[in-house]
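Subject: A structure to look through

Dear colleague,

Below is the structure I promised to pass on to you, and after it you will find my notes on what came out of it. Please read them with the model open beside you.

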Amino acid sequence: MDPNPKRRKESLDSPDSSESNRFLPFPDEVLERVLSLMKSHKDRSSVSLVCKDWYNAERWSRTHVFIGNCYSVSPEIVARRFPKIRSVTLKGKPRFSDFNLVPQNWGADIHSWLVLFASAYPFLEELRLKRMAVTDESLEFLATSFPNFKALSLLSCEGFSTDGLAAIATHCKNLTELDIQENGMEDSGGGWLSCFPENFTSLEVLNFASLNSDVSFDVLERLVTRCKSLRVLKVNKNITLEQFQRLLVRAPWLTELGTGSFQQELTPRQYTELESAFSNCKNLHTLSGLWEATLLYLPVLFPACASLTFLNLSYATLESGELATLLAHCPNLRRLWVLDTVEDKGLEAVGSSCPLLEELRVFPVDPFDPDILHGVTESGFVAVSYGCRRLRYVLYFCRQMTNAAVATIVQNCPDFTHFRLCIMEPGRPDYLTNEPMDEAFGAVVKTCTKLQRLAVSGLLTDLTFEYIGKYAKNLETLSVAFAGSSDWGMQCVLGGCPKLRKLEIRDSPFGNEALLSGLEKYESMRSLWMSACNVTMNGCRLLAREMPRLNVEVMKEDESDDSQADKVYVYRSVAGPRRDAPPFVLTL
């Protein structure tokens, strides 16, 4: 930019105001410095709309870009818009790909982005990908094309193997973060960890908890010992308790910790040493892992529990008594993830021991077994709500629920911003009254005025969606499955939720009339997903014709049937139709 541009004077007052009330805008250098302190991408986007000067200052000062849909924009457009990007967060497939609803080889390949970034952003330092297709070739290209690359995070990605991780470890001399979570990857062995050079010392975050293969413990121990800035370490379940104790001795300053297997025969001396290692972790605030943990060894954690704010037990099949014993030592928890093996008695312990809790997630240990006996019900959720009045975020998988229970829960905790209730049997009513669950979600949207994300389940009629459209004025994301009576329900949502950005619908009776009711809404939204609904190809074609700036994609499972639209994905894009769509994806 020209460091000394001519600037026109602008006035905050009416045209006839005096000269003394006129002002000279900030110099570019000052404005860019101020904007560089803004961390929220939403705030920065808003600032760029103020005027041309602010637009240019925001353009030149931005170093991080978040892209919620990799097809909403092209890498070429990003590079033209922001010339100094050093960090990129990029999301690919629709969220329902987590439920295997998006076909294999759908797209979201990272490689074309990397090729463009290599010429536009040779100084790129961070890349965080979610639900993207990533190959080993792409990881090797990344490792060799960006000499100052520092941070790689892969969440729910697919297509690569540990060979790609080996390339990252070999070539990224300044790497500070390697975070590998829940990816569909080929685990060909733990040799990749040996590819870090012996003089490599910069690592701050290492997470390989979701990998299955053994790694050389000697290599891991030397790496942890060398990296004095390491603050996050999450290992896989093949690391034993004895090995983990040795790691803690070498890195007592860790703030986030993911253990390996928590079941091993320890001698009294080994037990004491492990307990001592945890007691020396003075800065620990996050704990996860704990595979196969039992009451026998949980006490070794107690010295480190007082400082914990996040406890992730989603891999630990704890029972109620074990959870209660552990939580009694965790008075400062803000976030808790558990499996439903803790049952309602375990959730009662949450309510009595965690008064500061703000987030609770309860996952099913086996969601596909209808005959499983354990699980959680409405009573556990109600018990939590009485003791945890600060609750803001909940994801709750349960076997049964009632309207009255949900009404009590939100009355106790009216500040929910995220309320995701999954009654695992589709279309199940209030099990006490046999009524639909309409009043439950009506209570949620009427009471929780700050609600941003909602997932509904159970037997629901259009009344639920009328409530949502009328009361959920801050709602941004709505997920619907096996619910609704007619197109009217979706019309209420699209007509009544001014901040809606993502709408996800599966296995519901909504059809063309519902789809087309969002003509004035879709350009302000990020995306719409509809699968196993009553939408036809003609309805999708009409939407595409009326809204040419939207990408309307139909995924066809049966190419011989030209009438039904099996899966529809609608999203706004400034890049036009994508160029890499496979044959089963029709862009209308």
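Phe-208 is buried, with a relative accessible area of 1%, where buried means under 20% relative accessible area, exposed over 50% and partly exposed in between, with a 1.4 Å probe and protein chains only. Trp-192 also counts as buried, at 3% relative accessibility. Please keep in mind that this is a predicted model, in which local features need pLDDT of at least 70 and side-chain atom pairs count only at pLDDT 80 or more, while totals for chains, interfaces and linings use all residues. Residues are numbered from 1 along each chain as its sequence is written, and side-chain values use heavy atoms, with hydrogens and water left out.

Aromatic rings

Rings of Phe, Tyr and Trp (its six-membered ring) are taken as a pair if their centres lie within 6.5 Å, and planes under 30 degrees apart count as stacked, over 60 as edge-to-face and the rest as tilted. By this rule there are 20 aromatic pairs. In one of them, the ring centres of Trp-192 and Phe-208 are 5.9 Å apart and the planes stand at 80 degrees, so this pair is edge-to-face. Because Trp-192 lies in the loop between β9 and β10 (205-207) and Phe-208 in the loop between β10 and α8 (217-226), the pair ties together parts that are 16 residues apart in sequence. Helices (H or I, at least four residues) and strands (E, at least two) are DSSP runs, numbered from the N terminus.

Another pair, Tyr-569 and Tyr-571, is tilted, with 5.0 Å from centre to centre and 40 degrees between the planes; both of these residues are buried. They belong to one aromatic cluster together with Tyr-71, Phe-96, Phe-99, Trp-106 and Trp-529. A charge sits over a ring if NZ of Lys or CZ of Arg is within 6 Å of the ring centre and within 35 degrees of the ring normal. Arg-578 lies over the face of Tyr-71, at 4.5 Å from the ring centre, and over the face of Trp-106, at 4.4 Å from the ring centre.

Strands and a helix

Two strands pair if DSSP finds at least two bridges between them. Strand β6 is largely enclosed by the rest of the structure, because 4 of its 5 residues are buried. Strand β5 (residues 126-130) runs parallel to β6 and is joined to it by 5 bridges, with Glu-126 opposite Ala-151. On pairing with β8, β6 again has 5 bridges in the parallel sense, and here Ala-151 stands opposite Glu-177.

Helix α7 (residues 162-171) is likewise largely enclosed, since 7 of its 10 residues are buried; among them are Leu-165 and Ile-168. What covers these buried residues includes α6 (136-145), β6 (151-155), β7 (158-161), β8 (177-181) and β9 (184-186).

In strand β21 (residues 502-506), 5 of the 5 residues are buried, so the strand is largely enclosed by the rest of the structure. Lys-502, Glu-504 and Arg-506 point one way from β21, whereas Leu-503 and Ile-505 point the other way. Strand β20 (residues 477-481) runs parallel to β21, with 5 bridges between them, and strand β22 (residues 527-531) also pairs with β21 in the parallel sense over 5 bridges. In β22, Met-530 is the bridge partner of Ile-505.

With best wishes

Definitions and conventions: Contact means heavy atoms within 4.5 Å.
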